[in-house]
Structure formats: C-alpha cells, structure tokens
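Here is a briefing on one protein chain. Keep the sequence and the 3D view open while you read.

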Amino acid sequence: METMQERTGEQNLPYNVFAKACPSRGTLEHVTGRWGGLALGALYEGSLRFNELRRRIDGVSEKMLSQTLHALERDGLVHREAQPTNPPRVDYELTPLGRGVAERLLTLIHFVEGRMDDVLQARERYDDTRGAR
C-alpha cells in the first residue's frame, strides 16, 4: 500500500509530524488549533488590526488572540507591523508562507462547512444509538 509521503512525492523530507520530537508538531498545533486556524483564515482576507481581527473571530479572548498571533508570528506565518503613531497602530498580515498555509486550511474549512448537514446527521444518529451526552 502506498504511503501518503509516496503519493505526494515527499518521501525525503527531513521532518515527520508523526515523530514525537519533530518540531513540525508545534507548528501544526498552532495552525490547526481552535484560534490559529480562524486567525489564518481571517487574515487571508487581508491585513487587520488586532481589534478588527478579534471582532472577526467571534468568541476569542484578547489574551488567547494575542498568544495565538505571537505563536503564528514566531512560526513565520504572520507578520506584525507596528506603526509609530499616537495611539500606536498594529497591523497583522499573512507572510507568503502563512498565505500558503491559509489557502490549504481554507480548503478544509470550506469542505467542512459544506458537509455540516452530513456531520449533524451523523451526530444525531450517534446520539440516538448511544444516548446523548
């Protein structure tokens, strides 16, 4: 049976997200975590100030958004630009690397959104069979 790496032609990559010590695990966690994926998706639409981004991502706290943006910036996915104005203005935008990640992530997001009726039906069948929790 052909492996995923063989299908994608990436069998010689030096990183393996399935290996416990691989640094790509942290980046994958930042990208696919609850707020990281939403931040990347929102920034795909263009540069946003912190509070604009916070309003766009309904439900995220200021603290969590700040931590998420720091992690994404450290991973090279988000660029933070502080303007020397009074009051200070800080804009966030995707780097080219972040844009590539966001494009792939948005494909997954749109797929999930488009199949939510199927997911909700599956949940209902599960709950009916095993009892709602």
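The buried residues of α3 are Trp35, Gly36, Gly37, Ala39, Leu40, Gly41, Ala42 and Leu43. Eight of the 10 residues of this helix are buried, so α3 is largely enclosed by the rest of the structure. The model is predicted.

**Overall make-up**

- The chain contains seven helices and three strands.
- Along the sequence, these elements follow the pattern α-α-α-β-α-α-β-β-α-α.
- The chain has 133 residues, and 24% of them are buried.
- Its accessible surface is about 10000 Å². Carbon and sulfur atoms account for 51% of that area.
- Take the contacts with a separation of 6 or more: 41% of them join residues 24 or more positions apart.

**The largest nonpolar core**

- This core has 21 residues. Leu40, Leu43, Leu53, Ile57, Leu69 and Val78 touch the most other members.
- At least two core residues come from each of α3 (34-43), α4 (50-56), α5 (62-74), β3 (89-94) and α6 (96-114).
- Which element gives the largest share of the core? It is α3, with five residues.

**How α3 packs against other helices**

- Two packed helices are described by the angle between their axes and the distance between the axes.
- *α3 with α2.* The axes of α2 (residues 24-32) and α3 come within 4 Å and cross at roughly 70 degrees. An angle of 65 to 115 degrees counts as roughly perpendicular, so α2 and α3 are roughly perpendicular to each other.
- From α2, His30, Val31 and Thr32 take part; they meet Arg34, Gly36, Gly37 and Leu40 of α3. The residues of this contact are two nonpolar, four polar and one charged.
- *α3 with α5.* Here the angle is about 75 degrees, and the axes are 10 Å apart. This pair is therefore roughly perpendicular as well.
- On the α3 side are Trp35, Gly36, Ala39, Leu40 and Leu43, which meet Met64, Thr68, Leu69 and Leu72 of α5. By class, the contact of α3 with α5 has seven nonpolar, two polar and no charged residues.
- *α3 with α6.* These helices pack at about 105 degrees, with axes 9 Å apart. Again, α3 and α6 are therefore roughly perpendicular to each other.
- Gly37, Leu40 and Gly41 of α3 meet Val101, Ala102, Leu105, Leu106 and Ile109 of α6. Six nonpolar and two polar residues make up the contact of α3 with α6, with no charged residues.

- Ile57 sits in the loop between α4 and α5.
- Is Ile57 buried or exposed? Its relative accessibility is 3%, so Ile57 counts as buried.
- Setting aside residues up to four places away in sequence, Ile57 touches Trp35, Leu38, Ala39, Ala42 and Leu65.
- Ile57 and Ala39 are 18 residues apart in sequence. Their C-alpha atoms are 7.1 Å apart.

**Val78 and Thr95**

- Val78 is among the core residues that touch the most other members.
- Not counting residues up to four places away in sequence, Val78 touches Leu40, Leu43, Leu69, Leu72, Glu73, Tyr92, Glu93, Leu94 and Thr95.
- Thr95 lies in the loop between β3 and α6.
- Why does Thr95 count as buried? Its relative accessibility is 16%, and buried means under 20%.
- Beyond its neighbours within four places in sequence, Thr95 is in contact with Gly76, Leu77, Val78 and His79.

**A cis peptide bond**

- Most residues other than glycine have a negative phi, and most peptide bonds are trans.
- The bond from Asn86 to Pro87 is cis, with omega near 0 degrees.
- Pro87 is in the loop between β2 (78-83) and β3.

Definitions and conventions:
Residues are numbered from 1 along each chain as its sequence is written. This is a predicted model: local features need pLDDT of at least 70, side-chain atom pairs count only at pLDDT 80 or more; totals for chains, interfaces and linings use all residues. Side-chain values use heavy atoms; hydrogens and water are left out. A nonpolar core is a set of buried Ala, Val, Leu, Ile, Met, Phe, Trp, Tyr and Cys residues joined through side-chain atoms within 4.5 Å. Buried means under 20% relative accessible area, exposed over 50%, partly exposed in between (1.4 Å probe, protein chains only). Contact means heavy atoms within 4.5 Å. Axes are lines fitted to C-alpha atoms, for helices over the stretch in contact, and angles run from 0 to 180 degrees between N-to-C directions. Angles under 35 degrees count as roughly parallel, over 145 as roughly antiparallel, 65 to 115 as roughly perpendicular and the rest as oblique. Ala, Val, Leu, Ile, Met, Phe, Trp, Tyr, Cys and Pro count as nonpolar, Asp, Glu, Lys and Arg as charged, and the others, Gly among them, as polar. Accessible areas come from the Shrake-Rupley method with a 1.4 Å probe; for residues, only the protein chains shown count as cover.
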